[in-house]
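Have the viewer open as you read.

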Amino acid sequence: MARRKKQPLDEATRSMIIHTAHDLFMEHGYRSVTTRQIAEACGLTQPAMYHYFADKEALYTEVLRAVTEETKIAMNELVASEGSVRERLIKLVVYILNNMPDDLSQMERDIRQELRPENRQLINQWWQECYLIPIASLFEEGQQKGHLRGAEQLGLDPIPSAFTLLSMVQRKPRGGASVPIPAEARATRTVDILLYGLASDQGREEKI
């Protein structure tokens, strides 16, 4: 008996599943969303959706792969754009602030608690490629030009510098002013604190 040829997957349907799952996961979190909900939102049956993704974890991992790939492209374009190291760092931080999930801590818990180690490792690699490495490349450029101190001058190497900046921006502020601070103003403040410190001109002169 002749073997039936496997039908090619419909890329448009696959893309629709990823985008629909992205919106549901970002709004409700990994644990609260079921594959049945995703399938129904796509107008599919669960068996039809499993033709594209083996299970919920595989779909969630693919959602994060798509997000980080898009982010990597955007971040590298900003790194390659015109402007000083400071100006481009501000552009990168604005992008992060405008595109980070509303509840980043929930996503981090989902990744840590719900996913298998091999998928956590993949996601960590993607995170480094889309956030850490582009930012570190700008700190490296600044050090090569002599504008930033490296570890040998009692500063930080590029990777620790990038980690420090990310730790400052990957949290949404709680409480505070009733009027939200625009992303560009937040980004400028964050980058300048890291590059120049908290001391004012007078404080630096008086060596606080």
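## Ground rules

This is a predicted model, so local features need pLDDT of at least 70 and side-chain atom pairs count only at pLDDT 80 or more, while totals for chains, interfaces and linings use all residues. Residues are numbered from 1 along each chain as its sequence is written, and side-chain values use heavy atoms, with hydrogens and water left out.

## Overall fold

The protein chain has 10 helices and zero strands. Helices here are DSSP runs of H or I with at least four residues, strands are E runs of at least two, and both are numbered from the N terminus. Of the chain's 208 residues, 37% count as buried; buried means under 20% relative accessible area, exposed means over 50%, and partly exposed is in between (1.4 Å probe, protein chains only).

## The largest pocket

The largest pocket comes in at about 930 Å³. Of its 32 lining residues, Leu 64, Val 67, Pro 101, Met 107 and Tyr 131 are the closest to its centre. A pocket, on a 1 Å grid over the protein atoms alone, is an open set of points where a 1.4 Å probe fits, with protein on both sides within 12 Å along at least five of seven lines; lining residues have an atom within 4 Å of a point. Volume is the space filled by probe spheres set on the points, which are joined across faces, edges and corners.

Helices α1 (11-28), α4 (56-79), α5 (85-99), α6 (104-114) and α7 (117-144) each supply at least two lining residues, and α4 gives the largest share, with seven. By class, the lining splits into 17 nonpolar, seven polar and eight charged residues. Nonpolar covers Ala, Val, Leu, Ile, Met, Phe, Trp, Tyr, Cys and Pro; charged covers Asp, Glu, Lys and Arg; the others, Gly among them, are polar.

## The second largest pocket

The second largest pocket holds about 430 Å³. It has 19 lining residues, and the closest to its centre are His 147, Leu 148, Arg 149, Leu 194 and Leu 195.

Helices α5, α7 and α9 (183-196) each supply at least two residues of this lining, with α7 giving the largest share, four. The lining has seven nonpolar, seven polar and five charged residues.

Met 168, Ile 193 and Leu 198 make a nonpolar surface patch of about 280 Å². Patch members have over 30% relative accessible area and no salt bridge; like charges are joined within 9 Å, and nonpolar side chains (Val, Leu, Ile, Met, Phe, Trp, Tyr) within 5 Å. A salt bridge is a side-chain nitrogen of Lys or Arg within 4 Å of a carboxyl oxygen of Asp or Glu. Accessible areas come from the Shrake-Rupley method with a 1.4 Å probe, and for residues only the protein chains shown count as cover.

Met 168 lies in helix α8 (residues 158-169) and is partly exposed, at 32% relative accessible area.
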